[in-house]
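Before you plan work around this protein, please look through the notes below. They follow the order in which I would read the structure.

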Amino acid sequence: MSSIYSLQRPLGHAVPPPAWSYSGLREWRRCPRRWILRRCGYSNVHTPFYPDRLTDAAVTGLVVHRLIEKYDTSSAQRARSFLPRKEMANALHAIVKSVSGNPRIDTAAVVRRFDGQRCLANFRVFLSHFRRTGLPPPSNVTLNAEAKPRSEFLFRLDKPRITGRIDRVKNGLLTDWKSGAQDDTHVDQARFYALAFWLATGIKLTKLIVFYTRDGQSFESPAPDEAALVEIREALCAEIAQAEIELKQTYGEARPSVENCQFCPVRQLCDEYWQAEETRALRLSPAEADDEILTDVQFDVEAREIGLHTTMFTGTASGGQVRAVIPTTLLAVEPEMIISLRLLNIRASCQASSIVVKPVYGSEVFCDGRN
Ligand code: SF4
């Protein structure tokens, strides 16, 4: 089992990024601790970011985005044909290759669980929208003169120090594609891009569209005028300066909540998550174990029975006795050295007077061991 599953404390503070992306800023706003824990150094992590999980929805989103990008690029190059299935297979292959060294991702499962029909359905929604509304054909806007014609707009600015990639700009209209559900921050993101486009080109946009490929819904709003753009720029400069002061001095404020922590990829490292009243619903509650739920569990090991293929750890969590039956292959630390466990997405059920937890597909077993 990969050493990532041996819990290690951060080695130092995270350093400020060369430039802030919108998603990085959004993560900081939601929970500075999460931003920092994902970017700190650890003795068992050798990549710039702490390895993340990859959900099925995220794979769909990435593939749909790549399909649209490819379509735009081939349209801009006036290619005679575009083969969505072939491009989809290429996109999936590229994604799997990019995560092949990530010990938290089972690439075979990513391929097995991939829903190609869903991706194609999203892509068809994108195409039908073009036909229906007569949106402009792909544009050639790019800051990189060496690049092939494409509709994306890549930017990196100094004041504010921001970076990103705009899906499409044409005739004063900025379009951002989304394959997931609607979110309040999407319009704010489009305004962030409108600012970047104005600062990079001097051109003010007229309209912003956030388009949802899963159902064809879109949200349109007028682009910010110059006074609003200046205001956004100043607010971003101040926010980034403040964030960088904080991240040099602290490990960031933890903001535990169900919404923030439910899919947090570093909750196994976050002590506040395991203690906060606000996240109790995400952790094992003995009253709910009757329903064979998937939950997170933490406990100090009080006893262990080491078998040939599994070890049964016993301890107390959330007021109830817990027995965790863990296959040896999932233990990153020798069973006799483990002093506590943090188990994510584990199956819990009531048996006799205690709760039995067992890993299933998607479960993760993090071990804290004696030095
Ligand atoms: S578990 Fe919650 S509080 Fe902790 S870092 Fe993640 S989002 Fe923040």
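This is a predicted model: local features need pLDDT of at least 70, side-chain atom pairs count only at pLDDT 80 or more; totals for chains, interfaces and linings use all residues.

The points below go from the overall layout to single residues.

1. The C-alpha atoms of the protein occupy a box of roughly 70 × 45 × 35 Å, taken along the principal axes. The secondary structure amounts to 10 helices and 13 strands.

2. Burial and contacts. The protein has 371 residues, and 29% of them count as buried. Among contacts with a separation of 6 or more, 65% are between residues 24 or more positions apart.

3. Domains. Two domains are assigned: domain 1 covers 153-246 and domain 2 covers 283-369. The distance between the C-alpha centres of domain 1 and domain 2 is 45 Å.

4. Ligand shell, by residue. Which residues come nearest to the ligand? They are Cys31, Cys261, Cys264, Cys270 and Tyr273, out of 15 residues around the ligand. By class, the shell is made up of 9 nonpolar, 1 polar and 5 charged residues.

5. Ligand shell, by element. Three helices, α2 (32-39), α9 (258-261) and α10 (271-275), each give at least two residues to the shell around the ligand. The largest share, 3 residues, is that of α2.

6. Helix α1. This helix spans residues 22-30, and Tyr22, Leu25 and Trp28 are buried in it. These residues lie on the same side of α1, because they cover an arc of only 125° around the axis. The cover over the buried residues of α1 includes α2, β2 (163-166), α7 (185-201) and α8 (226-249).

7. Thr310. This residue belongs to strand β9, which runs over residues 310-317. Is Thr310 buried or partly exposed? A residue needs 20 or more other C-beta atoms within 10 Å to count as buried, and one with 12 or fewer is exposed. Thr310 has 17 other C-beta atoms within 10 Å, so it is partly exposed.

8. Surroundings of Thr310. Leaving aside residues up to four places away in sequence, Thr310 touches Val325, Ile326, Pro327 and Thr328. Cys367 is 57 residues from Thr310 along the chain, and the C-alpha atoms of the two are separated by 15 Å.

Definitions and conventions: Residues are numbered from 1 along each chain as its sequence is written. A residue is near a molecule or strand if its C-beta atom, placed from the backbone, lies within 6 Å of it. Helices (H or I, at least four residues) and strands (E, at least two) are DSSP runs, numbered from the N terminus. Ala, Val, Leu, Ile, Met, Phe, Trp, Tyr, Cys and Pro count as nonpolar, Asp, Glu, Lys and Arg as charged, and the others, Gly among them, as polar. Domain bounds come from an automatic or database domain assignment. Two residues are in contact if their C-beta atoms, placed from the backbone, lie within 7 Å. The arc is that of the directions from the helix axis to the C-beta atoms.
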